[in-house]
Structure formats: structure tokens, C-alpha cells
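Please consult the sequence and the structure while reading.

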Amino acid sequence: MRTLELADGTCVPVIGQGTWHMGERAGERDREVAALRLGIELGMTLIDTAEMYGEGGAERVVGEAIAGRRERVFLVSKVYPHNASRDGVVEACERSLQRLGCDYLDLYLLHWRGRYPLAETVEGFERLKAAGKIRRWGVSNLDLEDMLDLPRVERCATNQVLYNPAERGIEFDLLPWCQQRRIPVMAYCPVGQGGALLRHPALLEVARRQGVGPAAVALAWVLRQPGVIAIPKAVTPEHLRANAAAAALQLSEEELAIIDDAFEPPTRKQSLNMV
């Protein structure tokens, strides 16, 4: 698995595992746990979750999946904005750690900007880091103007945002700004939502040329950019193996042009979308 080096020298896989909608149905738990474990074996050792997902249910699934495997995993979770006061973020982290069954997070993110000043949240993050509860902190769903407001931005380990061929507004300003500062961008929904992107003729044509599925094309497209990590969700062995293999897929200039013709690069500032 290809890796990306963080500012502190830690290497993480460029394709990780998302967990949105996991932990919502008891009957799916064994399948979800097995999927995460297979993903780890395939090299997708970065696992992203959040207290919001299934109201803690996804964290419990992740906790079961990584039991006995914690040291192999780069574990990411996120705090609700309404819990992101200087004290609230500490308390929320403790609850997440309890659900995950571990004593530290590799990365803890503010899920999106809310009513609490960013300075309060960052203070809470720094307290958690000093206490050894988290190794790094970052943000999610913050646009460029928000990043410019972020205290101690040089310590921000990532900005997790929506990014795929149909949602490429960040390429105009946010992505270049992060790249210049070595702040990795973590792309969520890199293969879209609901399947519409994967049925688009442009992706299907490139997939035909490459002899792969359209999801692999979407992932390779996202990863063509330096400093980007993709966190697709998958629960079947076939999708997991296809996702892992996409890290090695290279798209030609002609294939990239096919996608550009279908999904034009941004030529002006666009508001940051989120789901």
C-alpha cells in the first residue's frame, strides 16, 4: 500500500477505511467487524470514525474490529461541534476512547465548525495531546476562510473534506493552500454517494480502459493529487480488495481528460460542500 508522510514523519496509507453508517444495525455488526479486519490485512490500516456515526455505534464496531490489533491501526475519530468547548472536547474524547476500548487516538478532528470558538476547541485538543489521549489533532469540513481563523494551524494534521470528481471545488483554493503547508487533505465520499457517480459514462469508460471498476477509477483520480488520503467505506471483500488495489492505479493524461470533460475543474471560488 502506498503511504503518505505526515509532518511529524509518521507514514499512513493513502487509502483508509470509512465507517459512516456502521454500527446502526445490530444484524450487520459481524459483517462490519469482519470488513474492517480484512481492510487492515490489506494494508488499509487508517480507520476513520466519529462519535456522530450511529451515535457511538460505529466506534463500538471499530473497537471490536481493532481489539488485539491496536498498534497496527492509525485511528481517527471526530468530535461533534456541540461538544467542542475547551472542556467538552476532553469529555467527548474520553467517551470515544471508552467505546473504542483503547487509551489514545492517533488523530482527533473537529467534525465541522459550530458555535464554540476554534480557539476553545484547539485548547481542548492541546490538553488532550499533553495528556497522551491523542497524538495529533485536525479538522473536518473547514473551508479556507475557516482555516485562516484556526489557531496554531501549523499543528493541524489534516482537513477532512468532501472530494471526488463531482465535488472538486476545493481544487480552486483550499487544496493548494493545504498542499503548500503540508496539511494533508482527507477525502470523504471519494466514490460519491448513492452510486450516481459510479454510473457516470466518463468513469465507466475509464474503468473499461483500465480493466477495473469505476470505484477504483474514482479513488485513483482523488489520489492523483499530492497530499491526499481517501477514506472509502466498504463492507464486502470484493470492494475492500478493489479499494486497496486502487492505490497502485495510475490514470493516463487522456483518461484524466475524459473525467475533466465530464466534471470541469473549478475556475472560481465555490462554497465548501459537506454531507
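Q: How many aromatic pairs does a search of the whole structure find?
A: The model examined here is predicted. A search covering the whole structure finds aromatic pairs, and their number is five.

Q: Is the aromatic pair of Phe 125 and Trp 137 stacked or edge-to-face?
A: A pair of aromatic rings is described by the distance of the centres and the angle of the planes. For Phe 125 and Trp 137, the centres are 5.7 Å apart and the planes make an angle of 20°. Planes under 30 degrees apart count as stacked, so the pair of Phe 125 and Trp 137 is stacked.

Q: How many residues apart in sequence are the parts that the pair of Phe 125 and Trp 137 ties together?
A: Phe 125 belongs to helix α4 (residues 118-130), whereas Trp 137 belongs to strand β7 (residues 137-140). The pair therefore ties together parts whose separation in sequence is 12 residues.

Q: Is Trp 137 buried or exposed?
A: A residue counts as buried under 20% relative accessible area. The relative accessible area of Trp 137 is 0%. Trp 137 is therefore buried.

Q: Which residue lies over the face of Tyr 104?
A: The residue in question is placed at 4.1 Å from the ring centre of Tyr 104. Its name is Arg 70.

Q: Which helix holds Leu 175?
A: Leu 175 is buried, with 2% relative accessibility. Its contacts beyond four places in sequence include Tyr 163 and Val 228. Leu 175 has its place within residues 174-180, which form helix α6.

Note on methods
Residues are numbered from 1 along each chain as its sequence is written. This is a predicted model: local features need pLDDT of at least 70, side-chain atom pairs count only at pLDDT 80 or more; totals for chains, interfaces and linings use all residues. Side-chain values use heavy atoms; hydrogens and water are left out. Rings of Phe, Tyr and Trp (its six-membered ring) pair if their centres lie within 6.5 Å; planes under 30 degrees apart count as stacked, over 60 as edge-to-face and the rest as tilted. Helices (H or I, at least four residues) and strands (E, at least two) are DSSP runs, numbered from the N terminus. Buried means under 20% relative accessible area, exposed over 50%, partly exposed in between (1.4 Å probe, protein chains only). A charge sits over a ring if NZ of Lys or CZ of Arg is within 6 Å of the ring centre and within 35 degrees of the ring normal. Contact means heavy atoms within 4.5 Å.
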